[in-house]
Amino acid sequence: HLLTCQRMSKFQRKLSFASGTTISWLEPKISLANHFKNGAAQNFPAEVNKPASVREEQCIAEPCQLTREPEEINPDEELEDICDDKDDDLGAVEEQRSVILHLLSQLKLGMDLTRVVLPTFILEKRSLLEMYADFMSHPDLFIAITNGTSPEERMIRFVEYYLTSFHEGRKGAIAKKPYNPIIGETFHCSWRMPKSEVATDAGSNNSAHSPSEQVTLSEDLEGQTEPDYYTVKFVAEQVSHHPPVSGFYAECVERKMCVNAHVWTKSKFLGMSIGVTMVGEGLLSLLEHGEEYTFSLPCAYARSILTVPWVELGGKVNINCAKTGYSASINFHTKPFYGGKLHRVTGEVKQNTMNTVVCRVQGEWNSVLEFTYSNGETKYVDLTKLAVTRKRVRPLEKQGPFESRRLWQHVTESLRDGDIDKATEHKRALEEQQRNEERLRAETETPWCTKYFLKEGDGWVYHKPLWKTVSAAQPQQTDAN
């Protein structure tokens, strides 16, 4: 473990001095440094000129968090999330237009937004780590991937799931920016999905693309009475500050499937837009079939930042399964200057060996998608009517001090109350402490040790992925398609 930490320390020191590194979404590169130093608690002198709540934020390190030992989160302690902070308050944008104009006057085209402090009123009341959990808002579609009876069917199901995963995170009419996570910050949640609502192909010729069927109960892994729902667990961690890398992992143990991803974002000023490149890769593992699917993420753009900002996705992404020879190419189209539709997406699924297209897709990633299959069937998916499963999160009092909602609670409360000045003060306190801690780690050459993710090659992998803890069954006969 020590060697891993030392390697990571060298990696991070190397990257932190590289030119051109940029940060996430719309906010500055900030950090909450020194909350861990060689496993010992750091005591910062209280500043008498700051409110008690801010001083508390600057001293929230607890000895139990400093071991960096992974904590097993019990999904039974999590409750259905009732928090809904999506708001479309256009008034704040109008009132703060002079602030935005001043900010824009300081920027140049192509400039990266690494150290540009953006106004607090554009914040989304949640961390970027929590936003990544929105990719799992349709756990029924995620779980249904492994129920496909052939490699072709499973690839198509993955594409369907992938294309429906962006809508929930960007439902608000205004493009707002989630909090830029601090190094060491984590977010945990889970979903419960009734088994009867997960699509399966068992015993039906026309069920290949049906939205819902009764699923055959899988064997109970522990010999006990099986619940009538599947559990999908999710954990995210900010694993690096330079560059700002987030790792996230989700698994459904009952279906022997998991997804691991690492992402860091590069933001550039494009005039009346801000462009965000998502650098990184995801890996979906279906252990029952011995298949792995690699995938990338599209770029995001915050448009019309001077008036009513909105989000647009753009760029080409690829999904590939080396074992089966199936791949998918998906294009997110940005709107032309004149004419054209918003949020268009097109794509196709191919069998590479035969060089044949087995499925085509077109439509809008936040509206209606049309899938056309090789057998001539067509299916429409209306994302605005697609059921969203609420995630389950532990109550604030049960969360650790560096879990997203507890860490940012005072900023969030101030934003909810409409007190922008107080929110800015709490946020600044967190940022200043992170900078102090980072400076001290650099001076003492203290390695940063992550909690849930380990550096492997160019990526970050969950410390206990399902493929290491569950033995995969032999591939099914249908895999030989």
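Leaving out residues up to four places away in sequence, F234 touches L129, Y132, A133, M136, F187, H188, C189, W191, F248, Y249 and A250, where contact denotes heavy atoms within 4.5 Å. The structure is a predicted model, in which local features need pLDDT of at least 70 and side-chain atom pairs count only at pLDDT 80 or more, whereas totals for chains, interfaces and linings use all residues. Residues are numbered from 1 along each chain as its sequence is written, and side-chain values use heavy atoms, with hydrogens and water left out.

F234 also belongs, together with F142, Y162, L163 and F332, to the residues that touch the most other members of the largest nonpolar core, which comprises 69 residues. Such a core is a set of buried Ala, Val, Leu, Ile, Met, Phe, Trp, Tyr and Cys residues joined through side-chain atoms within 4.5 Å, with buried meaning under 20% relative accessible area, exposed over 50%, and partly exposed in between (1.4 Å probe, protein chains only). Helix α7 gives the most to this core, with seven residues; helices (H or I, at least four residues) and strands (E, at least two) are DSSP runs numbered from the N terminus. Another core, of 13 residues, lies apart from it and includes V239, V245, Y452 and F453. In soluble globular proteins, nonpolar side chains tend to be buried together.

Charged side chains were examined next. A search of the whole structure finds 17 salt bridges, each defined as a side-chain nitrogen of Lys or Arg within 4 Å of a carboxyl oxygen of Asp or Glu. In one of these, K379 and E160 meet at an N to O distance of 3.2 Å; because K379 lies in strand β16 and E160 in helix α7 (residues 151–163), the pair ties together parts that are 219 residues apart in sequence. Both K379 and E160 are buried. Another salt bridge joins R126 to D134, with the closest N and O atoms 2.8 Å apart, and both of these residues are likewise buried.

A further salt bridge is formed by the side chains of E130 and K391 (3.4 Å, N to O). This pair links distant parts of the chain, with E130 in helix α5 (residues 128–132) and K391 in the loop between β16 (378–382) and β17 (392–393), 261 residues apart. E130 is buried at a relative accessible area of 5%, and K391 counts as buried at 13% relative accessibility.

In helix α9 (residues 409–416), S414 is buried, with a relative accessible area of 4%. Neighbours within four places in sequence being set aside, S414 is in contact with D419, K422, A423 and H426.
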